[in-house]
Each structure stands twice: as C-alpha cells, then as structure tokens.
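Q: Please take a close look at one part of this model, the place where two chains meet, and then follow its elements into the rest of the fold.

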Amino acid sequence: MTCQQFVELVTAYLEGQLALEDRAAFEEHLAQCPGCDRYLAQFRTTIDLLGELPEESISVEARAELLAAFADWKRSV
Amino acid sequence: MPAMRADSDGGDRDRELVAALRAGDEQAFAALVDGWSGSMLRTARAHVPSDGIAEEVVQDTWIAVLQGLGGFRGESRLRTWVFGILVNQAKSKGARERRTVPFTSLADDGPTVDPERFQRAGEAHPGGWRSFPVEWPEESMLATEVRRVVAAALDALPARQRLVVTLRDIDGFTGREVSELLAISTGNQRVLLHRGRAVVRAHLERYLEEAQ
C-alpha cells in the first residue's frame, strides 16, 4: 500500500469498513510510515474539532411560535 | 415477540419522550426543540436557498411531528423519524424554490489529497509522501481561531459533503442513519464523509502552516 492509497482509506478504516486483508495492509503501512501515522492523527483531530463546533439554534421568535403551537395541539388532542 | 433492538436504551428513552409529548408535557417538547433544531436547521439548509426558509422548514417539521405523533410506532429512533420528516419537508420546499440537491447522483471522485504531495512514477517511492505532513502544535488546537477555521471550512464544503459531515461528526448520527435519511448507499455516504473531512483537514493544515 502506498501513502497515496492510504489517505483515501482513512474514513473506511475508522468506520471498521475495510475488508480484513485491506485492514491488515493499512495497519502494516501505518506501523512503518510516520507520515501516514501523522495524517491519521490529524484526521482524527479534525473529526474531534468538528464535533466541538457550537450548536446552532432557531430564532427566539420561531421557538416561541412552536411552543404556542404545542399548547394549541395539546388542547386539540 | 419483537426482535431485541440493538439500541434498547435509546428505544426506552424514545418511548418516554413520546409518552411525555402525548401527555402534553411542554417542557419535554421545549427540550426536544432546543436539542434538535440546530441540527435540523443545518440539514434543511442543504436543500433550500436561504436561512429564513430553512427555519420555516424546521418549524413546519415540528408541527408535522406533533400531527403525526400518533403514528410513531418506534420502528426507528425518534430522532431518525423526525429527521425523515424534515428531509421530506425540505425537499418539497426546495423543489418549489427550485433548488434541490441531487442526493442520488454519484459521489464526487478524484483524490482527496493534492497529488503533488506524493512522489510520481519513476521517483524513489512512487505514491509515497514527498514530505510528511507537518506536526500540528497541540497548543494551537485550543485556539479560538482554529475553531473559526473549521467552521469556515465546513461552510465552504459542497452541500452534500457538508450535510453528511454535519450529520455524522457534529450531530452524531450513524452512517446507516445518514444513508437512510438521505436515501444514499452507505458507501456513497462514506465517500462524501471522507471527502468532506479531508477538505476540512487540508484547510486546517494550510492555516497552521501559515500561522507558523
């Protein structure tokens, strides 16, 4: 496996979706290649940073309208 | 007897939530709206042309959820069911607004890392790094600026990649849930996820190199 092939398989690897032999080749390459080891680490960091992005929310007005709609719905059922 | 669900805890929580909503528990509804509307907004935005319309879609979805609650059978997770309604609402709105993202088209192809980074045929190690990626200083990862770079990189992704990355890495849906929600294969879902993540990584790399 080359480095150029390795970088395309990172998500499949992290998802546990590589076939057994591909996984073995991936891990063998990983153990020998500091560049790809670093690439994988940076990929994981990227995923972690994405996971830390702040939640968005709907506007205060939209939220208030929804709670009012819930009160209406409650009366109707 | 129904088959045991893999996520039986989640199933129990869903049942409690649905029971609370049916009983008219306003706090339970408010907590759901607060917890999920941000993700719903991002998902809707991939299908419609403006933030204002995306918010309308989210509102319409919650109304449809209330109206359809009697029909929720717990065959999927409550959140997956709600997002299924959302995607349908967003698609029909997007079609009316003449902007629908063609989710069924093939995933983009081509390499996710600049081929210039690798040695060519005839060089010592074809397909090997020309020079290794540079280590990212740990302290930089805590900087507010880095978060801004990640957010901007996500916003700049093509709509389908952005949506899949958002649902997977921010909202925590599973690959299977996302492929069902968007009616794409799990393989296609994974390609979009990988491409999106790789682009965000590349943005970070460029930013950190320039910052040094």
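A: In this predicted model, 45 residues of chain B are in contact with 39 residues of chain A (two residues are in contact if their C-beta atoms, placed from the backbone, lie within 7 Å). Local features need pLDDT of at least 70 and side-chain atom pairs count only at pLDDT 80 or more, while totals for chains, interfaces and linings use all residues. Residues are numbered from 1 along each chain as its sequence is written, and chains are lettered from A in the order in which they are written.

On the side of chain B that touches chain A, two or more residues come from each of helix 2 (26-45), helix 3 (51-68), helix 5 (144-156), helix 6 and helix 8 of chain B (helices are DSSP runs of H or I, at least four residues, numbered from the N terminus). Helix 2 of chain B gives the most, with 9 residues. By class, this side has 26 nonpolar, 9 polar and 10 charged residues (Ala, Val, Leu, Ile, Met, Phe, Trp, Tyr, Cys and Pro count as nonpolar, Asp, Glu, Lys and Arg as charged, and the others, Gly among them, as polar).

The axes of helix 6 (residues 159-170) and helix 8 (residues 186-211) of chain B come within 8 Å and cross at roughly 95 degrees (axes are lines fitted to C-alpha atoms over the stretch in contact, and angles run from 0 to 180 degrees between N-to-C directions). These two helices of chain B are therefore roughly perpendicular to each other (65 to 115 degrees). Residues in their contact include Val164(B) and Val165(B) of helix 6 and Leu192(B) and Leu193(B) of helix 8. The residues of this contact divide into 4 nonpolar, 3 polar and 5 charged.

Conventions
Angles under 35 degrees count as roughly parallel, over 145 as roughly antiparallel, 65 to 115 as roughly perpendicular and the rest as oblique.
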